[in-house]
Amino acid sequence: MAELNTKLWASADILRGKMDASEYKNYLLGLIFYKYLSDQQLRAVYEEENGKVAEYPDRETQLAGLMEWHNEDADDVRQIMSKKLGYFIEPNYLFYTLQKKASNYEFQISDLQNAFIELGRQGDQFTGLFDDVDLTSTKLGSNAQQRNVTITEVIKTLDEIDLFGHDGDVIGDAYEYLIGQFAAGAGKKAGEFYTPQGVSKIISEIVAIGQEDIAPFHVYDPAMGSGSLMLNIRQFVNNPNKVHYHGQELNTTTYNLARMNLILHNVEQNQMRLQNGDTLDEDWPTDEPYLFNAVVMNPPYSAVWSADPKFMGDARFEPYGKLAPKSKADFSFLLHGFYHLNDKGTMGIVLPHGVLFRGSAEGTIRKTLLERGAIYAVIGLPPNIFYGTSIPTVVLILKKGRACNGRDVLFIDASDDYEKQKNQNNLRSEDIQRIIDAYKDRKNISKYAHLASYDEIVANDYNLNIPRYVDTFEEEEQIDIVALSKEITDLNVKIAESEAEFLGLLDQLSVTDDTRDIIEATKRIFM
């Protein structure tokens, strides 16, 4: 992680003065992805010729093996690698080859542009992936030579990163780091596109409980951002290679980021179904499968949507009698995700606290959900744990088909459990585990968790504001009035003794014309 961050920082330094963070992260992440595909191909060729190895030789040796095979039978190596990897990058377009040219100051930006074009022709999974890496932008330099120099330096720096030695979510970790360092430049709502790992782990682990052995396992994120929230589910199921990912994202740049992220995690093409579109405007997916084992979501908070009356006939919203207000689409996202949850599945969604208590249409929707037993748990998170926003958030856990089995709701107040850091708060492993344990036990825990009956919720007029159910008030220490009175009396005696002693010292002073008035005035203060 430290190496990744260091190299990203060095690469960002090259671009920082030329464009803001929301733009240069696209260049860095696109190039990291292309480097991954290139280096993966070198390894795959070496394995094809030498079998699986515990340790790979340097890339110069790997490239020499590829060149030998390519020179002997280019069609053969191209066909075998395309079948094995789903793509083939010509040796002269490999990232390592481009880096060698860059180091010798022979690199031409057109080489990289052609490399992107060639890869984009090799299947739908690569189409449009590099559209945001604009190599003709004048922000890279006012002329072709300056742009060449800029990209040359970036390639040389990024090539030093060992992507296969990085333990974690490369795209996600890189994205999180860039947002963390340059959140202001990345935009006020940067946190919508990447869910911090702590929150992601909470949601992923909870929605997998009781479903660990299901295979294939279908997870859906209707506002998938970088895709990391979906990918996290693999940590908590017993057949991680049989997880199918279904996701939609409105922002095209972020949609491409998610595609890169899933490919980086070796997700097979037939196990990912991703869509670039507006989740609320038109229901998707509508073909099988459209009900999922798990739905996970971190949608944009209180977003504006049309709230067009036509949606009252939409199967996602019709059963609730009201539409979420135009200015706050929170419940629209929730109802969309809930609609796509299967009867035995679990949904986890991050939303602002307002969904717990706001009235009018939102109150009607919340009441209907509670009547159906849909809301299973409410988990209050600490403030300032998302990039770009300091507001406290809540995780809602939902299930279907619970009305006849119980409509109680577990409330967990985890708002005070975190580690304070420079720019934002962080959920520690012990904070996460405490939430998971409380969720599994589903019991009352003093000042932390409360299992509220449906009658209790009705008595609160369907208001789910956490302080109504979890009392975190700390009583002040009782004051002993008798002891305090004695202490005050003793103190007054000591003050009187000190004053008398002081007045005695004044009487011992030599009196002159200059000091007489001062001494008399001082005595009057204490008499």
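Biologist: Why is Ser11 called buried in this predicted model?

Modeller: Buried means under 20% relative accessible area. Ser11 has 0% relative accessibility, so Ser11 counts as buried.

Biologist: Where does Ser11 lie, and what does Ser11 touch?

Modeller: Ser11 belongs to helix α1, residues 2–16. Leaving aside residues up to four places away in sequence, Ser11 is in contact with Leu28, Val154, Thr157 and Leu158.

Biologist: Good, now the other case. Why is Ile481 called exposed?

Modeller: Exposed means over 50% relative accessible area. The value for Ile481 is 60%, so Ile481 is exposed. You will find Ile481 in helix α17, residues 481–507.

Biologist: Which residues form a nonpolar patch on the surface?

Modeller: Ile479, Ile481, Leu484 and Ile488 do, and together they have about 400 Å² of accessible area.

Biologist: What makes β5 and β7 a pair?

Modeller: Pairing needs at least two bridges between the strands. Strand β5, residues 341–352, is joined to β7 by 7 bridges, so the two pair, and they run antiparallel. Thr346 stands opposite Lys399 in β7.

Biologist: And how many bridges link β6 with β7?

Modeller: Strand β6, residues 375–380, pairs with β7 over 5 bridges, in the antiparallel sense. Here Ile375 faces Leu398 of β7.

Definitions and conventions. Residues are numbered from 1 along each chain as its sequence is written. This is a predicted model: local features need pLDDT of at least 70, side-chain atom pairs count only at pLDDT 80 or more; totals for chains, interfaces and linings use all residues. Side-chain values use heavy atoms; hydrogens and water are left out. Patches are made of residues with over 30% relative accessible area and no salt bridge: like charges are joined within 9 Å, nonpolar side chains (Val, Leu, Ile, Met, Phe, Trp, Tyr) within 5 Å. Accessible areas come from the Shrake-Rupley method with a 1.4 Å probe; for residues, only the protein chains shown count as cover. A salt bridge is a side-chain nitrogen of Lys or Arg within 4 Å of a carboxyl oxygen of Asp or Glu. Helices (H or I, at least four residues) and strands (E, at least two) are DSSP runs, numbered from the N terminus. Buried means under 20% relative accessible area, exposed over 50%, partly exposed in between (1.4 Å probe, protein chains only). Contact means heavy atoms within 4.5 Å.
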